Amino acid sequence: MLNLKSYLTTSLVAALSILSQYGYADTVFLINGDRITGEIIELDDKQLTLKPSYTGKITLARSAISSLETDERRHWSVNRSLEHVTISAASEPRFVIINGQLTPLNEIRYSAIEASTDWLLSGSAEAAIDITQNTTHSQKLHAKGDMTLQSLNWRHDLKGEFHYETEESTSKRHSFEGRYTLDYLLSEHWLLRQEDFYEEDRLNSQQKNYYIAVGPGHRFWGVGRNKLDVVLTYNHFWVNNSYFEFDLYAWATAINYKQYWFGGELETYADLQMAFPEIPSIDYIANSTLGLRYLLTQRVYLTLKYDLNETKTDITNIKDSNYTLGLGMNF
């Protein structure tokens with residue numbers, strides 16, 4: 001009998017030990033009265049991603065959630081401030097309790113990536129071949145890299161691109177451009193941007209372009225790596241080459257979009273900018289980039305990008321477009 005009791009006790013402890021490896025402390029309470037227990041993976045503007053112990057990840061619309069609770073302290077974004085807290089469910093719908101205070105559910109966000117640190121560093125480097133819309137024989141080398149350092153309130157973004165092009169064995173392009181963007185996230189939806197841009201053409205006129213921009217922006221949605229920002233800036237341009245130099249001012253509108261799909265395997269993105277110089281002879285200057293990246297491995301991805309640059313003046317309309325197929329690596 002003693003041996004049986006000892007055996008049952010040992011078996012129960014072993015079973016509880018195994019189950020504890022799969023136990024989750026998070027509970028989501030729904031508006032319809034149901035509750036679901038699992039591990040909260042992400043909570044963004046539109047939905048909550050949960051991993052129950054009995055199935056794969058599931059997503060719930062924010063509108064279906066009444067409250068939630070956790071037993072484990074984690075880093076949560078509470079009204080854009082990072083706080084290491086546990087969350088308790090509130091009896092009042094659309095609220096939770098944090099540090100004894102009733103907090104609206106729409107003020108909290110969670111990302112497992114951002115929860116590990118106050119600052120998130122990410123970046124990529126890629127090399128590509130270009131397929132241009134013309135019939136002349138050409139060869140192009142396009143290399144680029146970017147790095148982003150982001151917290152809940154600040155985002156530093158540094159990008160660099162190098163282009164080298166030959167056509168019928170003649171060098172047609174040898175240029176470099178760099179861009180630094182600093183965003184201060186004033187609130188969940190508003191930001192202030194300061195941007196510096198430098199471009200150098202090392203052929204022909206040895207032209208150098210530079211501008212500095214500042215202005216407000218609105219984040220329509222986004223948390224973690226996903227975003228849709230619309231920014232209005234006032235820009236000061238400088239142009240300098242072998243023949244002349246001048247500067248001008250312009251208002252500009254920029255749209256920055258990025259979204260991840262299928263657990264991060266596919267990324268779609270777009271960067272659109274249109275500037276309206278304060279001189280009558282130039283109607284507008286537009287730069288557009290549309291692209292997607294497909295993750296081949298944990299780090300390596302395949303990218304397809306479309307660029308369109310257009311300058312509309314009283315005399316002519318200059319357009320330059322190309323497709324880029326490349327291979328890159330995230331870090």
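Reply: Helices (H or I, at least four residues) and strands (E, at least two) are DSSP runs, numbered from the N terminus. Here strand 21 and strand 22 form a hairpin with 4 residues between them. This is a predicted model, in which local features need pLDDT of at least 70 and side-chain atom pairs count only at pLDDT 80 or more, while totals for chains, interfaces and linings use all residues. Residues are numbered from 1 along each chain as its sequence is written, and side-chain values use heavy atoms, with hydrogens and water left out.

Me: How many bridges join strand 21 to strand 22?

Reply: Two strands pair if DSSP finds at least two bridges between them. Strand 21 (residues 282-295) and strand 22 (residues 300-313) run antiparallel and are joined by 13 bridges.

Me: Through how many residues does a hairpin join strand 22 to strand 23?

Reply: That hairpin has 3 residues. Strand 23 (residues 317-330) pairs with strand 22 in the antiparallel sense, over 13 bridges; Ile-318 in strand 23 is the bridge partner of Thr-311.

Me: What is the mean pLDDT of the protein chain?

Reply: pLDDT is the predictor's confidence in each residue, from 0 to 100. The protein chain has a mean of 83, and 85% of its residues reach 70 or more. Where pLDDT is low, the predicted coordinates should not be read in detail.

Me: Is His-142 buried or exposed?

Reply: Buried means under 20% relative accessible area, exposed over 50%, and partly exposed in between (1.4 Å probe, protein chains only). His-142 counts as buried because its relative accessibility is 1%.
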